[in-house]
Protein chains: 2
Amino acid sequence: MKFRLEAEDQQTRARAGIVSTDHGDIETPIFMPVGTLGAVKAVQIYELKNFIGAQIILGNTYHLYLRPGTDVLEKAGGLHRFNGWDRPILTDSGGYQVHSLAQIRKIKEEGVEFRSHIDGSKHFFTPEGVMDIQRKIGADIIMAFDECTPYPCEMAYAKKSMHMTHRWLERCIKRFRETECAYGYSQTLFPIVQGSVYRDLRKESAEFISSMDMEGNAIGGLSVGEPDDEMYEMTELVCSILPQNKPRYLMGVGTPANILEGIALGVDMFDCVMPTRNARNGMIFTTQGIINIKNEKWKDDFSPIDEFSECEMMRTHTKAFLRHLVHTGEILGAQISSVNNLSLYLWLVREARKKIIDGTFVNWKKEMLVKLMQRL
Amino acid sequence: MKFRLEAEDQQTRARAGIVSTDHGDIETPIFMPVGTLGAVKAVQIYELKNFIGAQIILGNTYHLYLRPGTDVLEKAGGLHRFNGWDRPILTDSGGYQVHSLAQIRKIKEEGVEFRSHIDGSKHFFTPEGVMDIQRKIGADIIMAFDECTPYPCEMAYAKKSMHMTHRWLERCIKRFRETECAYGYSQTLFPIVQGSVYRDLRKESAEFISSMDMEGNAIGGLSVGEPDDEMYEMTELVCSILPQNKPRYLMGVGTPANILEGIALGVDMFDCVMPTRNARNGMIFTTQGIINIKNEKWKDDFSPIDEFSECEMMRTHTKAFLRHLVHTGEILGAQISSVNNLSLYLWLVREARKKIIDGTFVNWKKEMLVKLMQRL
């Protein structure tokens with residue numbers, strides 16, 4: 001993997017760059033649609049490419065490990081072959097899901113024992129094992145196995161957990177270096193900064209992570225319930241420490257506003273289930289603001305879903321039609337809403353990139369923050 | 001509406017023709033995907049056009065009347081404007097749904113009183129009212145209001161019901177002729193032959209319907225649970241009476257085999273929820289046979305869903321991937337399955353048409369019947 005910075009904003013820490021992988025380039029800042037089970041929910045692969053302009057998608061190791069299982073993915077020749085997505089893929093480490101989804105988990109120095117949320121079967125994730133699984137899934141970017149602390153979190157626990165995450169990282173790197181991609185292309189490993197909302201811990205973690213000298217770095221343990229200001233404060237601090245010449249990935253973030261603020265703080269990569277999950281609940285992000293499409297007021301509004309969308313489907317389908325589909329529980333409502341929200345997110349990062357290169361990022365961001373977050 | 005016969009098979013009653021409407025031509029024999037609520041379930045409009053090759057879709061008057069309601073459709077400028085489908089649309093009359101879905105219905109000479117299956121609200125459908133509703137929905141082909149008798153059905157009831165359907169037809173035609181399309185294009189009205197599985201009744205009904213001299217005719221009251229042989233016998237009888245120079249529409253039929261047999265008996269148009277409903281239950285129709293995609297045996301079968309499909313998506317996505325999506329309850333599983341099944345149905349009628357024109361229909365049909373209906 002290579003990272004080349006193309007432009008840096010003069011008034012903020014925002015940057016435009018290019019991440020190069022064996023499955024193609026990613027123009028940053030980028031948003032990565034979440035493909036939990038190897039596919040983005042309610043969205044076709046060709047829609048991701050042709051309508052949304054996705055450049056990289058994310059897969060969840062925990063989910064893929066349980067279903068279809070590492071053996072099936074290995075036989076398929078990796079996730080790219082399995083799902084037909086031939087651009088870059090990033091997998092998380094499963095750390096987050098083990099803590100949020102799995103039943104009865106036991107965290108030990110060795111790793112995490114948990115029971116599947118599907119059938120209660122017992123499994124054991126170790127840093128080494130999670131490297132092996134991600135090698136077999138075949139992601140271009142694989143994530144270190146960490147503990148994502150909840151919010152709020154006692155400082156003592158956050159500190160202990162962070163140190164374990166650091167020790168796990170060393171084991172991850174060791175295993176990663178001893179192994180190879182099963183399918184002949186390059187994989188890279190991103191370590192994850194933890195430390196909850198404590199400046200001292202975040203600083204210590206960011207310094208430790210930086211010293212590992214990996215090809216890219218991630219910020220974890222945020223967007224877990226803390227106020228936005230704390231998230232921004234931690235992100236700013238960590239970005240000021242992480243190496244400037246490597247991509248920075250803020251995990252699990254966020255709203256369009258969160259993403260713009262993150263970009264301004266020097267983040268290059270984002271992922272979040274929000275655009276697709278909220279789509280399935282009737283929340284539509286548009287260039288003009290946020291729509292609750294279930295609302296009666298859209299019943300006979302025959303204006304386009306988003307007349308300024310770059311996605312033609314949103315310029316032709318009307319709010320009234322989408323409202324009807326969502327109101328009647330049609331699957332197609334979730335499909336159109338999901339394509340719309342992801343289009344908006346990808347448009348947003350593409351626009352941000354242009355503005356960073358143009359040198360007009362700050363004023364544009366100010367305008368956008370008001371526009372995108374207003375309720376229509 | 002115009003209908004032009006292009007070719008007639010020498011060994012069967014199969015024909016190839018073209019139905020011309022103000023929204024474009026329909027090459028017959030044709031299968032019409034069912035868009036119950038104005039959209040085909042789990043399928044995008046552009047998928048219908050570009051991946052499936054649908055030429056006409058069907059809307060259900062009963063459902064559209066209840067949601068979004070005739071007022072919304074009228075304000076939109078008709079269903080074509082509402083859903084963005086600019087090719088022909090056919091609406092059924094609501095007769096079937098009133099009998100199968102609505103709660104507490106009372107059938108009287110005047111019409112049918114029923115309660116909505118959604119909120120229990122009371123409504124009254126008359127032949128005149130149903131013409132007005134379909135005028136407002138704006139379908140290119142609208143259907144007469146009939147009673148669809150169940151199977152089995154006593155002859156006395158079938159006879160009485162058929163005569164009422166005939167009287168309703170006269171009222172439908174009168175109202176249809178007194179009114180105009182709200183949106184400036186032509187609409188045409190198809191009457192419906194009833195008579196359950198009784199030859200005498202079917203003959204009487206087909207003769208009565210023929211005498212009305214409408215632009216096309218439909219065969220109703222079949223595919224309601226009777227054995228296939230009875231369905232074919234009635235279809236053959238009715239087709240031998242209905243005018244040769246007008247399109248014949250066999251309502252609610254059926255499996256790929258039913259459609260091939262119907263074509264051989266002289267039917268030009270078909271509709272059925274089977275390809276989409278069964279898709280949502282994991283039944284996949286392919287050029288090589290029928291697949292229960294939930295089956296464990298597809299877990300690591302990385303061959304294409306259907307390597308001979310005309311739809312590229314089915315030649316690239318694998319059985320293992322689709323099985324994974326369906327197995328894990330992903331919406332995308334229903335999407336891909338629905339596109340696949342409709343692609344197969346539309347491919348089937350396109351092929352049948354070619355073979356009729358080529359003069360090779362009979363042998364091809366014999367082969368196809370075995371192939372398409374085998375369980376893989």
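# A guided tour of a predicted two-chain model

Begin by selecting B:Pro68, which is placed in helix α2 (residues 61-76) of chain B. The model on display is predicted. Show the backbone between B:Arg67 and B:Pro68: a cis peptide bond joins these two residues, with omega at about 10°. Now select the counterpart in chain A. There, A:Arg67 and A:Pro68 are also joined by a cis peptide bond, and omega is about 5°. A:Pro68 is found in helix α2 of chain A. Most peptide bonds are trans, and most residues other than glycine have a negative phi.

Select A:Ser196, a residue other than glycine whose phi is positive, near 50°. To find A:Ser196, look in the loop between β13 (192-193) and α7 (199-211) of chain A.

**The strands**

Next, colour the strands of chain A. Strands of a sheet pair through backbone hydrogen bonds, either parallel or antiparallel. In which order do the five strands of the open sheet in chain A lie? The order is β5-β6-β7-β11-β12, and the pairing is parallel. Select β5 (34-35) and β12 (188-190) of chain A to see the edge strands, each of which pairs on one side only.

Select A:Lys106 and its bridge partner in β9(A), A:Glu113.

Strand β2 (residues 15-21) and strand β3 (residues 24-28) of chain B pair in the antiparallel sense over five bridges. Two residues link β2(B) to β3(B) in this hairpin. Select B:Thr21 to find its bridge partner in β3(B), B:Gly24.

**Where the chains meet**

Now display both chains together. How many residues does each chain bring to the contact? Chain A and chain B each give 39 residues. The area buried between chain A and chain B is about 3300 Å², and carbon and sulfur atoms give 63% of it. Select A:Gln44, A:Phe82 and A:His324, the residues of chain A that lose the most area to chain B; together they account for 17% of what that side buries.

Between chain A and chain B the count is four salt bridges. To view one of them, show the side chains of A:Glu330 and B:Lys41, which meet at 2.4 Å, N to O. Across the same interface there are 13 residue pairs in polar contact. Next, highlight α1 (45-52), α2 (61-76), α3 (79-83), α12 (319-327) and α13 (331-358) of chain A, the elements that give two or more residues to the side touching chain B. Of these, α13(A) gives the most, with six residues. By class, this side of chain A has 22 nonpolar, nine polar and eight charged residues.

**The axis**

Finally, consider how the copies are arranged. Why do the copies meet through the same surface? They do so because 100% of the interface residues of chain A are also interface residues in chain B.

Key. Residues are numbered from 1 along each chain as its sequence is written. Chains are lettered from A and ligands numbered from 1 in the order in which they are written. This is a predicted model: local features need pLDDT of at least 70, side-chain atom pairs count only at pLDDT 80 or more; totals for chains, interfaces and linings use all residues. Side-chain values use heavy atoms; hydrogens and water are left out. Two strands pair if DSSP finds at least two bridges between them. Helices (H or I, at least four residues) and strands (E, at least two) are DSSP runs, numbered from the N terminus. Contact means heavy atoms within 4.5 Å. Buried area is the accessible area (1.4 Å probe) that two parts lose on being put together, summed over both. A polar contact is a pair of N or O atoms within 3.5 Å; within protein, one must be able to donate a hydrogen and the other to accept it, and residues adjacent in sequence count only if both atoms are side-chain atoms. Ala, Val, Leu, Ile, Met, Phe, Trp, Tyr, Cys and Pro count as nonpolar, Asp, Glu, Lys and Arg as charged, and the others, Gly among them, as polar.
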